[in-house]
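Hi there,

Here is the structure I promised to pass on to you. Please open it next to this message, and then read on for what turned up.

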Amino acid sequence: MGHDITLTADDGFQLGGYRADPAGAAAASVVVIQEIFGVNHHIRAVCDRFAAQGYRAIAPAIFDRIERNFQSGYSPEDVAVARKFVENPDWDAMLRDVKAAIDAVKAEGPVGIIGYCLGGSVAYLAAARLEGVSAAIGYYGGAIVRFADEAPKAPTQLHFGEKDSGIPLADVEAIRSKRPEVDIHVYLEAQHGFSCDERASFDKQSSDRAWQRSLDFFGTYLK
């Protein structure tokens, strides 16, 4: 359904990405932000899924400044390699590349942003720091608690798993306390990565509920 693209950031850096367009006219766009595993098969499938719902979907390759076209799977060995990309994350650089994706589609209608894992944190930061975001959704973003003093400029929804070993519920409650305006959902028994059907932690029931809430949220704000 989609195809590879090239985006240009404000500093002139060119990065790759993936774009999927619906069969008919799209009234809005969704920028999809990757996990630490790159714009891989799963993230491309997420873009295709949004396109099937009538959205224009675009996923910037936010690791291209480190290694072009990095993609991996989810084995323990893959995880160990992928973690090296976020040992010292350059949030500003990633936001520049997210902005490139927003800029590529903003003339065509409202833009939402959704991210998973690392991308969940980036989506939250984009809502707080970037212009042109009409709604933001973050799934199990572990760094969000560090940025919770920053208020999103757009309506924001967050999804967390109750059993996420990397994001304690105390962090979720800290975010909720600082940002009562954010729509936060916690899924019982769900682990980190519960929305990815290529991971061992996939939880279909939680994923389906989160997906519908995400669609409802974008349906409300991307008009």
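**What I found**

Leaving out residues up to four places away in sequence, Lys178 touches Ala148 and Asp149 (a contact means heavy atoms within 4.5 Å). With Asp149, the touch includes a polar contact between the two side chains, at 3.3 Å (a pair of N or O atoms within 3.5 Å, where within protein one must be able to donate a hydrogen and the other to accept it, and residues adjacent in sequence count only if both atoms are side-chain atoms).

Before you go further, please keep in mind that this is a predicted model, where local features need pLDDT of at least 70 and side-chain atom pairs count only at pLDDT 80 or more, while totals for chains, interfaces and linings use all residues. Residues are numbered from 1 along each chain as its sequence is written, and side-chain values use heavy atoms, with hydrogens and water left out.

**Two residues to look up**

Lys178 sits in helix α5, residues 169-178 (helices, H or I with at least four residues, and strands, E with at least two, are DSSP runs numbered from the N terminus). Phe218 is 40 residues from Lys178 in sequence, and their C-alpha atoms are 23 Å apart in space.

Ser72 lies in the loop between β4 (56-60) and α2 (76-83). With a relative accessible area of 14%, Ser72 counts as buried. Beyond four places in sequence, Ser72 is in contact with Phe37, Asn40, Asp78 and Ala82.

**The core**

The largest nonpolar core has 81 residues, and Val32 and Phe50 touch the most other members (such a core is a set of buried Ala, Val, Leu, Ile, Met, Phe, Trp, Tyr and Cys residues joined through side-chain atoms within 4.5 Å). Helix α3 (residues 91-105) gives this core its largest share, eight residues. Among the contacts of Val32, beyond four places in sequence, are Ile43, Val46, Phe50, Ile58 and Tyr116.

The largest pocket holds about 570 Å³ of space (on a 1 Å grid over the protein atoms alone, a pocket is an open set of points with protein on both sides within 12 Å along at least five of seven lines, a cavity is a set where a 1.4 Å probe fits but cannot get out, and lining residues have an atom within 4 Å of a point; points are joined across faces, edges and corners, and a volume is the space filled by probe spheres set on them). Of its 23 lining residues, Ile36, Arg83, Cys117, Leu118 and His192 lie nearest the centre.

The second largest pocket has a volume of about 160 Å³. Gly16, Gly17, Ala61, Asp64 and Asn69 are the closest to its centre, out of 16 lining residues. Strands β1 (2-8) and β2 (14-20) each supply at least two residues of that lining.

Enjoy exploring!

Technical notes. Buried means under 20% relative accessible area, exposed over 50%, partly exposed in between (1.4 Å probe, protein chains only).
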